[in-house]
Amino acid sequence: MVSLGMRYAVMADIHANLEALNAVLEDADKRGAAGIWCLGDIVNYGPDPVACLEILKSRKHLAVAGNHDLAVAGKINHSLFALEAARALIWTRNQLSSAMIDYLASLPEVVVEGDFTLVHGSLRRPDWEYISTPQIAAENFGLMSTPYCLVGHTHMPYVFTPGQKGICRGMPLMAGSMQPLRQTSLIINPGSVGQPRDGNPQASYGIYNEEARTFCLYRVSYNITATQKKMQKAKLPQFLSARLSKGS
C-alpha cells in the first residue's frame, strides 16, 4: 500500500533513452516525487539500455514487464517484431549483463498497488494488446479489480472512462491536465518517456498525488539530438532515430 501524502512519477516506454529519462526524473524530483511506477519497455530502440536500467534500479520503484523487455530477456520471439525493432533487440541484448537480463526476465506482468493496477499493455494481454480505442478499453474495464489501471504501450497519453450505459469514452491527456481520481474506474496512459508518438517529441510522464487524489500529466524537453547521435554511432536503425524529432 502507498503511504499518505506520497507522490509517484508514473512513466512508461523509456526505451533506453537516457537523455529523456534524466530530464523526466529531474522534473519529477522538483515536483516532489518519492518513487517511480514504471509501466514497462525500459529497453530497446534507444542507445542507453544499461544506464537506464542502472538509474531505475537505483531508485525506489515498481516496474512491470513490457513486450520489449521480455523479448530482450528471451521470453518473446524476436520474429513477432518489425524488422527495425528486431534488429535493435539483438543489439540491446548484447549490451546487457546477465544480471540485467535476469532483472528484465523477473519483472511481473501485472502489479496491484493500492487502488491501482499497473500493466504494460492491457489486463487481457499484458505484454501485447494496445488499449487504443474505447471498445478495447471497455473490454478491459470488466477485468479490473481496482478502480484505476495504469498502462503504457501505445506511447500516447490518454484517459478512458467507462461512461454511462456502458459507453466507454476516451480523451487525450494534455500537458498540465489534472485528472481527479474520483471516477468509479479510469484507465490512464502517461505516454512515452523515450519515444512519444502523439506528434509531440517532448518526453511524457505523469505524477500521481496520493494526498490530493489526482493524476497530472507533464511534458519535458530533452536533448533529442544527443540521443540521435548516439543511436547513429551504435548503428541502430535510422528510422528509430529519425522519428524522435517528430514524436511519431
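Asn189 sits in strand S10, residues 186-190; helices (H or I, at least four residues) and strands (E, at least two) are DSSP runs, numbered from the N terminus. Before going on: this is a predicted model, where local features need pLDDT of at least 70 and side-chain atom pairs count only at pLDDT 80 or more, while totals for chains, interfaces and linings use all residues. Residues are numbered from 1 along each chain as its sequence is written, and side-chain values use heavy atoms, with hydrogens and water left out.

Is Asn189 buried or exposed? Asn189 is buried, at a relative accessible area of 4%; buried means under 20%, exposed over 50%, and partly exposed in between, with a 1.4 Å probe and protein chains only. A polar atom of the Asn189 side chain lies 3.0 Å from the backbone oxygen of Gly152. Leaving aside neighbours within four places in sequence, the contacts of Asn189 (heavy atoms within 4.5 Å) include Val151, Thr154, Pro157 and Leu173.

Next, the sheet. It is open and mixed, with 6 strands in the order S3-S2-S1-S11-S12-S9; two strands pair if DSSP finds at least two bridges between them. Strands S3 (61-63) and S9 (178-180) stand at the edges with a single partner strand each, so one side of each has no neighbour in the sheet. Inside the order, S1 (residues 7-11) and S11 (residues 203-209) pair in the antiparallel sense over 4 bridges. Val10 stands opposite Gly206 in S11.

Now the cores. A nonpolar core is a set of buried Ala, Val, Leu, Ile, Met, Phe, Trp, Tyr and Cys residues joined through side-chain atoms within 4.5 Å. The largest has 52 residues, and Ile42 is one of those that touch the most other members. Helix H1 gives the most to this core, with 7 residues. Apart from it lies another core of 20 residues, among them Val10 and Phe116.

Last, helix H7, residues 224-233. Which residues of H7 are buried? They are Ile224, Thr227, Gln228 and Met231. Seen down the helix axis, these fall within an arc of 100°, so they line one face of H7; the arc is that of the directions from the axis to the C-beta atoms. They pack against helix H1 (18-30) and helix H8 (238-246). The face turned away from the buried side carries exposed Lys229 and Lys233. Just after H7, Lys235 takes a positive phi of about 60°.

Conventions:
A polar contact is a pair of N or O atoms within 3.5 Å; within protein, one must be able to donate a hydrogen and the other to accept it, and residues adjacent in sequence count only if both atoms are side-chain atoms.
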